[in-house]
Amino acid sequence: MKLDSIDQKILRILQTQGRLSIVELASQVNLTKTPCTQRVRRLEQSGYIQGYHAALSPEKLDAACVMIVMVVMDKTSDDALDRFNDAIRQIPEVQGCYMVAGNFDYMLKIRTKDISTYRTVLGDRISQLPNVHQTHSFIVMELVKDEMSIPVPFYS
């Protein structure tokens, strides 16, 4: 599916204002309600829009402590990586898990209430995951930029 400028504008708007009514959205992209609704449905069905979410406050939910953890595996066979991947998905404090190239095999973004809670998550769960050889933890002192939005390219 090729995106035109109206589709791109719809994606940009919905990404920051997911609760916007279809009437308000249609007004912002200079369409009437019916064609705007059709475009949004088409964007959803084609996978450009995967869902709608609320932005929650980490501070209010006792999840303001952010750690970056680099993981070194002792095995990197497909089976070993699959077992790690399946296990890491079960840890709710792991907000992001990225397989990386370089001196480490994975980079994790972890959110907890405080350092003490993080130490428990690291020692009791992450370090016990299949094939974990070593971890290196980095505390995030300040979140300078922590975007969840995806840049929507401008196509002509």
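User: How many bridges join strand 2 and strand 3, and in which sense do they pair?
Analyst: In this predicted model, strand 2 and strand 3, the latter covering residues 106-112, are joined by five bridges, and the pairing runs in the antiparallel sense. One point of reference along that pairing is Cys-97, which stands opposite Leu-108 in strand 3.

User: What is the strand order of the whole sheet?
Analyst: The sheet is an open one of four strands, arranged in the order 2-3-1-4 with antiparallel pairing. Its edges are formed by strand 2 (94-99) and strand 4 (132-139), each of which pairs on one side only. Ignoring direction, neighbouring strands of this sheet are turned against each other by 20° on average.

User: And strand 1, how many bridges does it make with strand 3 and strand 4?
Analyst: Strand 1 pairs with strand 3 over seven bridges in the antiparallel sense, and its pairing with strand 4 is likewise antiparallel, over seven bridges. As for individual partners, Val-69 is bridged to Leu-108 in strand 3, while Met-67 has Ile-139 as its bridge partner in strand 4.

User: Is strand 1 largely enclosed or open, and why?
Analyst: Strand 1 is largely enclosed by the rest of the structure, because eight of its nine residues are buried.

User: Switching to helix 4: which residues are buried there?
Analyst: Helix 4 spans residues 78-88, and its buried residues are Ala-80, Leu-81, Phe-84, Asn-85 and Ile-88. Viewed down the axis of helix 4, these buried residues fall within an arc of 130°, so they line one face of the helix.

User: What covers them?
Analyst: The cover over the buried residues of helix 4 includes strand 1 (65-73), strand 2, strand 3 and strand 4.

User: What is Gly-96 in contact with, beyond its sequence neighbours?
Analyst: Once the neighbours within four places in sequence are left aside, Gly-96 is in contact with Met-107, Leu-108 and Lys-109.

User: How far apart are Gly-96 and Met-67?
Analyst: From C-alpha to C-alpha, Gly-96 and Met-67 are 11 Å apart in space, and in sequence they are 29 residues apart.

User: Stepping back, how do the elements run from the N terminus?
Analyst: The protein chain has five helices and four strands, and from the N terminus on its elements follow the order α-α-α-β-α-β-β-α-β.

User: What is the radius of gyration?
Analyst: The protein chain has a radius of gyration of 20 Å, whereas a compact globule of 156 residues would have one near 15 Å. Along its principal axes, the C-alpha trace spans about 55 × 40 × 25 Å.

User: How many of the 156 residues are buried, as a percentage?
Analyst: Buried residues make up 31% of the 156 residues in the protein chain. The protein chain exposes about 10600 Å², with carbon and sulfur atoms supplying 51% of that area.

User: And what percentage of the contacts is between residues 24 or more positions apart?
Analyst: Of the contacts in the protein chain with a separation of 6 or more, 64% are between residues 24 or more positions apart.

Methods: Residues are numbered from 1 along each chain as its sequence is written. This is a predicted model: local features need pLDDT of at least 70, side-chain atom pairs count only at pLDDT 80 or more; totals for chains, interfaces and linings use all residues. Side-chain values use heavy atoms; hydrogens and water are left out. Two strands pair if DSSP finds at least two bridges between them. Helices (H or I, at least four residues) and strands (E, at least two) are DSSP runs, numbered from the N terminus. Axes are lines fitted to C-alpha atoms, for helices over the stretch in contact, and angles run from 0 to 180 degrees between N-to-C directions. Buried means under 20% relative accessible area, exposed over 50%, partly exposed in between (1.4 Å probe, protein chains only). The arc is that of the directions from the helix axis to the C-beta atoms. Contact means heavy atoms within 4.5 Å. The radius of gyration is taken over C-alpha atoms; the globule rule is 2.2 Å times the number of residues to the power 0.38. Accessible areas come from the Shrake-Rupley method with a 1.4 Å probe; for residues, only the protein chains shown count as cover.
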